[in-house]
Amino acid sequence: MYSKDEIINILSSNDDSILKTADEIRKQYVGEDVHLRGLIEFSNYCNRTCYYCGLRYENKNIQRYRLTPEDIIATAKYAKNIGLKTIVLQAGEDVCFSNNILCNIIEQIKKLDVALTLSIGEKTYDEYKSFKDAGVDRYLLRIETTDKTLYNALHPNMSFENRIECLYNLKSLGFETGTGSLVGLPNQTIESLANDILFFKTLDADMIGIGPFIPHPCTPLGDSDVDLKKNFDLSIKVMAITRILLKNINIPATTAMETLNPNGQIIALQSGANVIMPNITNDECKKKYTIYPNKQNQDIILAKEKIYSIGRAISVNKGFRSK
Ligand code: 5AD
């Protein structure tokens, strides 16, 4: 277990031997299999105004779409047919998907004998419970940053405390719970990144997604002066330390990493990651899910080629956290 000071030292130094250590821990605790999770981005409507995100409702420069329940279920069936064992349903916080509609979709998808992950933001305890009762296995809700001042500055009309409460609610309801953070936000300190990692450990998160911050021109952070290479390198390091501390959890090679570095996915898979989330949303819609510019949607065939090219295998099971 690293102390906070040790984590700060690792993140501040130029030494990246930590990546190799993370790769070894990954191999020891979760093996050579990479889990593929089929991602369906079913709506880019959002009633939040997060300062970094292109889906924020104040962005009028985006064509909005929402898939019908029939489209979503058909895409899930396609995923099942091509051998995917997990479906991830992700969307902006779109009020048009009522709990009833969502639970119906969930029940239909669960008939396919796949694991199901939801990633649709902050909900009440009762809403989360209804998803659990309908069969959802996992839930992703990034904390984004544990620096409360920064969190509040980036998330108008939201509360840091509520986000934490949502995560503990998800845990207590028995979801495999995923969280994670952005790396390289303006005004984010190395100390706060160390706190993020320690928070993942305290929560005992089952999945952690880490991504470099990429400025989106149509957001208040659009002209932030960030060093994208630095954000990439730092995000890989944060991920590696997370692997070393949490050991047997599931960690994706994220799309944002792949967006900043053509080899990003492979570097991530060799620095602690063991999951890839290919985007199986139809082409027309996924182009419009512009959280940040140039998003490199992960293609399933290319993902498989990359996995084989580094001597890893594709998992044949649902890929729950190994106990
Ligand atoms: N750069 C990188 N990641 C972003 N996200 C949102 N906006 C950006 C951005 N500009 C991430 C958030 C969110 C996830 C779905 O996408 O961490 O949780």
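## The largest pocket

In this predicted model, α9 gives the largest share of the lining of the largest pocket, eight residues. Helices here are DSSP runs of H or I with at least four residues, strands are runs of E with at least two, and both are numbered from the N terminus. At least two lining residues each come from α1 (4–12), α8 (190–203) and α9 (228–246).

The largest pocket holds about 510 Å³ of space. Its lining has 26 residues, and L11, K230, N231, D233 and L234 are the closest to the centre. By class, the lining has 11 nonpolar, eight polar and seven charged residues. Nonpolar covers Ala, Val, Leu, Ile, Met, Phe, Trp, Tyr, Cys and Pro; charged covers Asp, Glu, Lys and Arg; the others, Gly among them, are polar.

## The second largest pocket

The second largest pocket has about 190 Å³ of space. Of its 15 lining residues, E93, D94, V95, F97 and K123 are the closest to the centre. The lining divides into six nonpolar, four polar and five charged residues.

## How pockets are defined

A pocket is an open set of points on a 1 Å grid over the protein atoms alone, where a 1.4 Å probe fits, with protein on both sides within 12 Å along at least five of seven lines; lining residues have an atom within 4 Å of a point. Points are joined across faces, edges and corners, and the volume is the space filled by probe spheres set on them.

## Basis of the model

Residues are numbered from 1 along each chain as its sequence is written. The model is predicted, with local features needing pLDDT of at least 70 and side-chain atom pairs counting only at pLDDT 80 or more, while totals for chains, interfaces and linings use all residues; side-chain values use heavy atoms, leaving out hydrogens and water.
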